[in-house]
Amino acid sequence: MYNLGWAAFRQAEWNLAKEWFEKAVAVSPGYADAMNYLGLIAENLNKPDEAIMIFKKGLETNPDYALLVYNLGRIYFDNGMLKEARACMEKTLQLPDALNLSDIMNYLGLIAKGESNKEEALNWFTKASEADIANHYPVYNLGVLHFDNAAYDQATACFKKVLEIQPQNMYAYNYLGLIAEMTNRLEDAILNYSKAVEIDESYAVAHYNSGIALYNLGRLDEAVVSFKHALRLKHLPGVCCNYLGAIAYTQGKTDEAIDYYSQALDYIPDYEFALFNLGECYFEKGNFTESLNYWEKVLPQRPNDWEVMWYKARCLLRLNKLDEFGELKKQLQQLPDVATDKMELLNREIEEFATGKAP
């Protein structure tokens with residue numbers, strides 16, 4: 001019965017496997033291996049609470065069975081129960097039949113990281129990578145930890161090591177791209193992002209990151225392709241639409257920019273960057289009523305942003321709302337960081353309106 005269950009499990013025939021393992025347990029109560037597989041089946045069926053219950057039940061009669069303790073700790077971790085996960089992994093590490101020491105140490109590193117204990121996490125990931133030099137997971141996690149600490153040289157070494165172990169690791173290429181971008185090597189960043197999506201064309205994060213790097217290099221047509229890939233894959237769609245709008249605006253396609261910025265707001269209704277950009281677009285088109293509408297929406301999010309106040313003041317002036325304009329101009333003059341040339345332009349516009357020469 002156990003062997004039939006195991007064969008069904010290997011074929012991902014979860015219900016059939018469950019039936020056979022339950023029969024095995026009925027014949028031999030407390031059968032540790034069968035209980036372990038029943039827990040794994042529950043996990044694969046997306047029933048974490050049931051899996052936890054089964055693993056714990058198996059441990060009632062087999063308290064030192066390492067695989068049961070390990071899998072219980074793993075599922076605790078996956079469900080954010082770090083204290084319980086730590087207890088299980090620490091116990092597993094001490095058991096004589098624990099085979100996957102590197103994986104156990106790796107989980108202890110992830111738990112420590114989740115508890116914001118970076119030094120402990122660093123130690124566990126290092127030990128895990130030394131325990132099994134062919135295990136890329138702790139090396140990768142060590143790289144992420146170094147990246148988060150802005151230790152880019154150490155992070156680079158880790159991700160390159162990951163690629164030695166697992167050459168098709170798209171996540172390592174993506175991190176190498178991020179490191180290159182952080183260190184102002186945009187061409188290298190794009191190269192690494194390209195390698196990531198060559199491995200998996202559906203890797204949305206790398207498409208998005210490539211779009212940003214291309215945008216910052218001024219390679220706008222290529223950036224459009226990357227952002228559209230990310231948008232199609234539903235990765236940060238509001239932000240992608242905002243970037244696509246910014247590119248269209250830069251290329252003089254104001255109506256297309258407005259369409260993209262409006263789509264961005266469909267995804268993120270209070271998205272301040274899209275609100276700002278729409279205010280700017282409508283101002284350029286001479287639709288000062290609509291422009292003012294967006295400046296009034298973005299101002300609560302940027303209450304002391306001189307540029308928002310400056311644009312709003314210019315709209316009020318053109319709409320002949322002079323009392324409100326006067327109050328806003330006083331507030332602008334009290335801000336210390338207003339660009340001098342912008343205030344000079346505003347003052348010229350006041351004179352033009354006063355002499356009937358307004359645009």
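The structure holds 25 aromatic pairs. Here, rings of Phe, Tyr and Trp (its six-membered ring) pair if their centres lie within 6.5 Å; planes under 30 degrees apart are stacked, over 60 edge-to-face, and the rest tilted. This is a predicted model: local features need pLDDT of at least 70 and side-chain atom pairs count only at pLDDT 80 or more, while totals for chains, interfaces and linings use all residues. Residues are numbered from 1 along each chain as its sequence is written, and side-chain values use heavy atoms, with hydrogens and water left out.

**Ring pairs**

Select Tyr208 and Phe227. Their ring centres are 6.1 Å apart and their planes stand at 70°, so the pair is edge-to-face. Tyr208 belongs to helix 13 (residues 204-217) and Phe227 to helix 14 (residues 220-232), so the pair ties together parts 19 residues apart in sequence. Helices here are DSSP runs (H or I, at least four residues), numbered from the N terminus. Tyr208 counts as buried at 11% relative accessibility. Phe227 is also buried, at 0%. Buried means under 20% relative accessible area, exposed over 50%, and partly exposed in between (1.4 Å probe, protein chains only).

Next, select Trp295 and Tyr311. This aromatic pair is stacked, with 4.6 Å centre to centre and 10° between the planes. Trp295 sits in helix 18 (residues 288-298) and Tyr311 in helix 19, 16 residues apart. Both Trp295 and Tyr311 are buried.

Now show Tyr2, Phe9, Trp14, Phe21, Tyr31 and Tyr37. Ring pairs link these residues into a cluster.

**Cores**

Which residues touch the most other members of the largest nonpolar core? Select Phe159, Phe227 and Leu332, out of 83 residues in that core. Helix 19 (residues 306-318) gives the most to this core, with 9 residues. A nonpolar core is a set of buried Ala, Val, Leu, Ile, Met, Phe, Trp, Tyr and Cys residues joined through side-chain atoms within 4.5 Å.

Zoom in on Leu332. Leaving aside neighbours within four places in sequence, Leu332 is in contact (heavy atoms within 4.5 Å) with Trp306, Met309, Trp310, Ala313, Val338, Met343 and Leu346. A second, separate core has 39 residues, including Phe9, Tyr37, Leu59 and Leu108.

**The largest pocket**

Select Lys18, Glu22, Val25, Met35, Leu38, Ile41, Ala42, Glu50, Met53, Ile54 and Lys57. These residues line the largest pocket. Helix 2 (14-27), helix 3 (32-44) and helix 4 (48-61) each give two or more residues to that lining. The volume is about 160 Å³. A pocket is an open set of points on a 1 Å grid over the protein atoms alone, where a 1.4 Å probe fits, with protein on both sides within 12 Å along at least five of seven lines; lining residues have an atom within 4 Å of a point. Grid points are joined across faces, edges and corners, and the volume is the space filled by probe spheres set on them.

**Single residues**

Select Asn192 in helix 12 (residues 186-199). Asn192 is buried, at 13% relative accessible area. Apart from neighbours within four places in sequence, Asn192 contacts Tyr173, Leu176 and Gly177.

Move to Ser116, in the loop between helix 7 (101-114) and helix 8 (118-131). Its phi is near 65°, a positive value in a residue other than glycine. Ser116 is exposed, at 63%.

Finish at Ala150, in the loop between helix 9 (136-148) and helix 10 (152-165). Its phi is near 60°, again positive in a residue other than glycine. Ala150 is partly exposed, at 45%.
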